[in-house]
Amino acid sequence: SSAASDVYKRQTQRTKRDWEFFRRAAREMLWPKIDKEYQEELAGIAEGLNARGVPMDTWDVVALNAFQELPDYYVPWLNRREKAADAPRLAAPGNCSAFMATGSYTRGGRIVMAHNAWTGYVPGQRWRIVFDIVPQRGHRIFMDGFPGVIVSDDDFGMNSAGLMVTETTISQFEGWNPNGKAEFVRARKALQYARSIDDYVRIMLEGNNGGYANDWLLGDRKTGEIAQFELGLKNHRVWRTRDGYFVGANFASDPKVLAEETRFDPNNRETSPNARRQRWERLMKEWKGRIDVALAEAFLADHFDAFAEKEQPNERTLCGHLELSARGEPAWEWGPYYPAGAVQAKATDSQMAAELSFRARAGHPCGRDFLAGPFLQAHPQYSWMAPALRDMKAGPWTLFKAGEK
């Protein structure tokens, strides 16, 4: 309930739409197109909350699950359609740093997958759940996530059929299909039912609504093949290899997606996505043949600013610290010193994935703590976030395995 209220506060403040607006969109637009098994699961979460005395209903739970796509994709689309003169400027966010490598790039030729979630610290401090789901149909799922959701949402997970999945968001994406199926439903269905990269792509394309547009990094531990699946609304593209790597830092790669569906400038080296892309490329080449889970953990904690060419944690480093940047990141409507950045990290390889396991760390991947009190004292412009903004203390790297109690 507390996690949900923190999300409510952030989204209503940003969009200037009240929570009833999001509940109505969940009920009238999203719900009719949700598969029955997920309708039952979402309703079950609401029933469980009510049994524990939490006054949330099914529409609250559906809106919570759509907290990426409704405010950042549906609302901007609706504002443009209604030509709202006083509408706030909203941009699809840039969340996360990630890579997937295989073949001659990794130690032993295994697939190595790693990801750190970027988000505001209000919801981000709560992004520390590990889900072990054994559904009646489909494959067992092991993933990280946020309280109350049915899919990872940041996304990092694997299934018992051998799929390894992560992604990073496409910055400044614009597009929405109100007649499509919610992204959180398609992503859950794909992770639950896909046995191959092709399966995953097919399921994500079925009813694509354009919500939460991402570059998906996909691996099949059975074959050693990896892929980058860039999914816009009008365009999509898949790149594949058994000997190479793909990196993600909130940039689009396909010229058609960039030109037709985003406002992002791929040539501005000062922006966070472009600087982090440059850093990823350098790390992949520098450590070719030696990349493993231990190195992946170090990469996710990296503080090298590839634009300034120096160690300095900020919005341009793989381990993001917007709270330390006087620039902020205008591309995502994050102002100077905005409390956002990397809020947790995960890493695994294909051998670990065969046992449904990964290593993860809560809080900043570098191990630094974020303390809300001193931050709000130094930056009172964000006092509206109190008391939802809490301390985010870094935990140790920890091994998680399916089946643990």
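## Helix α3

The buried residues of α3 are Y38, Q39, L42, A46 and L49, where buried means under 20% relative accessible area and exposed over 50%, with partly exposed in between (1.4 Å probe, protein chains only). These buried residues line one face of the helix, because they fall within an arc of 115° when seen down the axis of α3; the arc is that of the directions from the helix axis to the C-beta atoms. On the other side of α3, K36, E47 and A51 are exposed.

Helix α3 covers residues 36-51, 16 residues, and its first and last C-alpha are 22 Å apart, close to the 22 Å expected at 1.5 Å a residue. The expected span is 1.5 Å times one less than the number of residues. The buried residues of α3 pack against α4 (58-65) and α7 (183-193). Just after α3, G53 has a positive phi of about 80°.

## Basis of the model

This is a predicted model, in which local features need pLDDT of at least 70 and side-chain atom pairs count only at pLDDT 80 or more, while totals for chains, interfaces and linings use all residues. Residues are numbered from 1 along each chain as its sequence is written, and side-chain values use heavy atoms, with hydrogens and water left out. Helices (H or I, at least four residues) and strands (E, at least two) are DSSP runs numbered from the N terminus.

## Helices α2 and α4

The axes of α2 (residues 19-30) and α4 come within 8 Å and cross at roughly 90°. That makes α2 roughly perpendicular to α4, a label for angles of 65 to 115 degrees. Axes are lines fitted to C-alpha atoms, for helices over the stretch in contact, and angles run from 0 to 180 degrees between N-to-C directions.

On the α2 side, W19, F22, R23, A26, R27 and L30 meet W59, D60, V62, A63 and L64 of α4. Contact means heavy atoms within 4.5 Å.

An open sheet of 7 strands runs in the order β3-β4-β5-β6-β7-β8-β9, with antiparallel pairing. Its edge strands, β3 (129-133) and β9 (236-241), each pair on one side only; two strands pair if DSSP finds at least two bridges between them. The twist averages 15° from one strand to the next.

Helix α7 packs on the sheet, where it touches β3, β4 (141-145), β5 (156-159), β6 (163-169), β7 (214-220) and β8, and its direction makes about 145° with that of β4. Strand β8 (residues 225-231) pairs with β9 in the antiparallel sense over 6 bridges, and L231 stands opposite H236 in β9.

Key
Parallel < 35°, antiparallel > 145°, perpendicular 65-115°, else oblique.
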